[in-house]
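These are my notebook entries on one structure, set down in the order in which I looked things up.

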Amino acid sequence: MGFLMLIKIMIPFLIVSCVLRAINVCLKVSPRALFLLILLMSDFLGLHFFFLVKDTGSWLDIGTSLSHFIISITIIIFIMLLYGLAWILTSVSLTVPSLKLKRHIL
């Protein structure tokens, strides 16, 4: 059950990574530049949550603020892995070995 939940959560991230790779190929931008732009935005997200970490208040407030920060930092690693997977999925081309297709004349 947990594996299915993980797959259900991971599929939208993988689709976004593949679309990002497609944009990268269409615009002919350096893959490193686009990837660094994504990492920069993720770092800003982590920095935002870093300043929201509380060390006073209830245990729930402290735990919630810490978990938001840790999740935003692990997203950076997750994005790197998904970008690599998207690179593999979008760089493979499927070719059909010389099938003779019928041509219809209108």
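The expected span of a helix, as I use it here, is 1.5 Å times one less than its number of residues. With that in hand I looked at H3, which has 33 residues and reaches 47 Å from its first C-alpha to its last, close to the 48 Å expected at 1.5 Å a residue. I note at the outset that the model is a predicted one, and I read every value below with that in mind.

**Entry: overall layout**

I counted the secondary structure of the protein and found 3 helices and 0 strands, in the order α-α-α from the N terminus on. Of the 106 residues, 18% count as buried. I then took the contacts between residues at least 6 apart in sequence, and of these 63% join residues at least 24 apart.

**Entry: helix H1**

H1 has 26 residues, and from its first C-alpha to its last it reaches 38 Å, which is close to the 38 Å expected at 1.5 Å a residue.

**Entry: lysine 28**

What follows H1? The helix is followed by lysine 28, whose phi is positive. I placed lysine 28 in the loop between H1 and H2, and its phi is near 55°, a positive value in a residue other than glycine. I wrote this down because most residues other than glycine have a negative phi. Lysine 28 counts as exposed because its relative accessibility is 74%, and the cut-off for exposed is over 50%.

**Entry: the nonpolar core**

I next listed the largest nonpolar core, which is made up of 8 residues: Leu20, Leu34, Phe35, Ile38, Leu39, Ile76, Ile79 and Tyr83. Helix H2 (31-51) and helix H3 (59-91) each supply at least two residues of this core, and H2 gives the most to it, with 4 residues.

Leaving aside neighbours within four places in sequence, isoleucine 79 is in contact with Phe35, Ile38 and Ser42. Leucine 39, which is found in helix H2, is buried because its relative accessibility is 14%, and buried means under 20%. The C-alpha atoms of leucine 39 and methionine 80 are separated by 8.5 Å, although the two residues are 41 apart along the chain.

**Entry: the buried residues of H3**

Which residues of H3 are buried? I found Ile62, Ser65, Ser72, Ile76, Ile79, Leu82, Tyr83 and Ala86, and these buried residues pack against helix H1 (2-27) and H2. An α-helix has 3.6 residues a turn, so residues three or four places apart point the same way. Two serines are on this list, and I looked at each of them.

Serine 65, in helix H3, counts as buried because its relative accessibility is 9%. A polar atom of the side chain of serine 65 lies 2.9 Å from the backbone oxygen of isoleucine 62. Not counting residues up to four places away in sequence, serine 65 touches Leu52, Val53 and Lys54.

Serine 72, also found in helix H3, is buried because its relative accessible area is 2%. Here a polar atom of the side chain lies 2.8 Å from the backbone oxygen of phenylalanine 69. Apart from neighbours within four places in sequence, serine 72 is in contact with Leu45, Gly46 and Phe49.

**Entry: the UniProt record**

Last, I consulted UniProt, where an unreviewed entry places the feature "transmembrane region" at residues 6-27, 34-53 and 65-96. I compared two of these spans with the model. Over residues 6-27 the chain is 100% helix and 0% strand, with the end C-alpha atoms 32 Å apart. The span 34-53 is 90% helix and 0% strand, and the C-alpha atoms at its ends lie 29 Å apart.

Key: Residues are numbered from 1 along each chain as its sequence is written. This is a predicted model: local features need pLDDT of at least 70, side-chain atom pairs count only at pLDDT 80 or more; totals for chains, interfaces and linings use all residues. Side-chain values use heavy atoms; hydrogens and water are left out. A nonpolar core is a set of buried Ala, Val, Leu, Ile, Met, Phe, Trp, Tyr and Cys residues joined through side-chain atoms within 4.5 Å. Buried means under 20% relative accessible area, exposed over 50%, partly exposed in between (1.4 Å probe, protein chains only). Contact means heavy atoms within 4.5 Å. A polar contact is a pair of N or O atoms within 3.5 Å; within protein, one must be able to donate a hydrogen and the other to accept it, and residues adjacent in sequence count only if both atoms are side-chain atoms. UniProt positions are given in the numbering used here, feature names are shortened, and annotations may be inferred rather than shown by experiment.
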